[in-house]
Amino acid sequence: MVVALVLPDVVLLDLAAPCHLFGHVGRPHYELRVAAATASADGSGATDRDGSPAVPVAGVGITLGTAHGLEALEDADTIVVPGYGRAATVAPPAPVLDALRRAAARGARVMSVCTGAFALAHAGLLDGRRATTHWHDATRLATQFPRVSVDPDVLYVDEGAVLTSAGVASGLDLCLHVVRRDLGAEVAATMARRTVVAPHRDGGQAQFIPRPVAAPSRGGIDLERTRGWAQRHLDQPLDVATLARHAQVSERTFARRFRDETGTTPARWIAQQRIGLARELLEHDDRPIEAVATACGFGDAAVLRAHFARIVGTTPTAYRRSFRGGSAAYG
């Protein structure tokens, strides 16, 4: 079961991302509930007309009613805390923090979107861990919680049982990452197509692109075309010189513009695409690991294992075994 825990002044889009993705994947993989504390941050008691918990939504003048209180966290396999308002620097009510701590202690996976990281930090769940939040609030998080290693530049951080993401759209990236981790690349890609977003953005990618890039004029630079070509030729050598030659620009121009457009380097992007292909093959193809490595352009199994461990956090063999078993670790 996935529970989205909303706090006062919840950011609507931060809540919508997990509700959309986990809700649409649905049963038997995920059962989604939205829960709130039965008391507001000032202890006055925020409830709907029927007595169910209610939470104000940041900036839009509406109140969100929920059917569940903190008791929903007791059975949750995954808890997502969306971003919430200016009071993020103030600790949520003690019952909220206690519920988060108990859930984490019994092994539930805990996630945050944007300033939801502050709630996890107030509960002590980020102590000694890497974490991220919206770049605008990263300094505040690092200053207030010096035991947290805050990375202000990335889209999301996966620390195993505790995951954090930057603002707004990166919540989609984190949820897709979790779906991919639980159910495989094919399910994640299907959800990405349904949501009309990129199927995979690596967590280490920059939170924002330095400057907008104009669409290529006729006869101009078209790196989208080159990226598409590269995805169809992942089994071939794809260094910057090869990619720049396809785009018909200098290597320096290609590398600079590529990072402007994607927020990452060509080498890192190619590695991500190859790992994505490797995941699909490991989930659905019986060929040996060495053959998978060759098909994905890694050269040999040792190189595949090194990249797979760095990006996915496990071995190709263990990954294949987990998905051939057909069960998800979290529901």
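This text walks through one protein chain, from its overall make-up to single residues. The model is predicted, so local features need a pLDDT of at least 70 and side-chain atom pairs count only at pLDDT 80 or more, while totals for chains, interfaces and linings use all residues. Residues are numbered from 1 along each chain as its sequence is written, and side-chain values use heavy atoms, with hydrogens and water left out.

Start with the whole chain. Its secondary structure comes to 13 helices and ten strands. Here helices (H or I, at least four residues) and strands (E, at least two) are DSSP runs, numbered from the N terminus. Of the 331 residues, 48% count as buried. Buried means under 20% relative accessible area, exposed means over 50%, and partly exposed lies in between (1.4 Å probe, protein chains only). Contact means heavy atoms within 4.5 Å. Among contacts between residues at least 6 apart in sequence, 66% join residues at least 24 apart.

Six strands form an open sheet in the order 2-1-5-6-10-9, with mixed pairing. Two strands pair if DSSP finds at least two bridges between them. Strand 2 (32-36) and strand 9 (156-158) stand at the edges. Each has a single partner strand, so one side of each is left without a neighbour in the sheet. From one strand to the next, the twist averages 20°. Axes are lines fitted to C-alpha atoms, for helices over the stretch in contact, and angles run from 0 to 180 degrees between N-to-C directions.

Strand 1 (residues 2-6) runs parallel to strand 2, and five bridges join them. Leu5 stands opposite Ala35 in strand 2. Helix 1 (residues 12-25) lies across strand 1, strand 2, strand 5 and strand 6. Helix 1 runs at about 155° to strand 2. The loop between helix 1 and strand 2 holds His29. With 34% relative accessibility, His29 counts as partly exposed. His29 and Val179 are 150 residues apart in sequence, but their C-alpha atoms are 9.5 Å apart in space.

Move on to strand 6. Which strands does it pair with? Strand 5 (residues 78-81) runs parallel to strand 6, joined by four bridges. Strand 10 (residues 162-165) is also parallel to strand 6, again with four bridges. Thr78 has Arg109 of strand 6 as its bridge partner. Ser112 is partnered with Thr164 in strand 10.

Is strand 6 buried or exposed? Five of the five residues of strand 6 (residues 109-113) are buried, so this strand is largely enclosed by the rest of the structure. Both faces are covered. Arg109, Met111 and Val113 are buried on one side, and Val110 and Ser112 are buried on the other.

In helix 12 (residues 301-311), the residues Ala301, Leu304, Phe308 and Ile311 are buried. Seen down the helix axis, the buried residues fall within an arc of 105°, so they line one face of helix 12. That arc is taken from the directions from the helix axis to the C-beta atoms. An α-helix has 3.6 residues a turn, so residues three or four places apart point the same way. Asp300 caps the N-terminal end of helix 12, with a side-chain oxygen 3.1 Å from the backbone nitrogen of Ala302. Just after helix 12, Gly313 takes a positive phi of about 85°.

In helix 8 (residues 240-247), the residues Thr242, Leu243, Ala244, His246 and Ala247 are buried. The buried residues of helix 8 pack against helix 7 (223-231), helix 9 (251-262) and helix 10 (266-284). Just after helix 8, Gln248 takes a positive phi of about 65°.

Asp137 sits in the loop between strand 7 (130-131) and helix 4 (138-144). At 10% relative accessibility, Asp137 counts as buried. Leaving aside neighbours within four places in sequence, Asp137 is in contact with Thr115 and Phe118.

Finish with the cysteines. A disulfide is a covalent bond between the sulfur atoms of two cysteines. The rule used here asks for a pair of cysteine sulfur atoms within 2.5 Å. By this rule, the count comes to zero disulfides. Cys175 counts as buried at 0% relative accessibility, whereas Cys19, at 23%, counts as partly exposed.

Methods:
A polar contact is a pair of N or O atoms within 3.5 Å; within protein, one must be able to donate a hydrogen and the other to accept it, and residues adjacent in sequence count only if both atoms are side-chain atoms.
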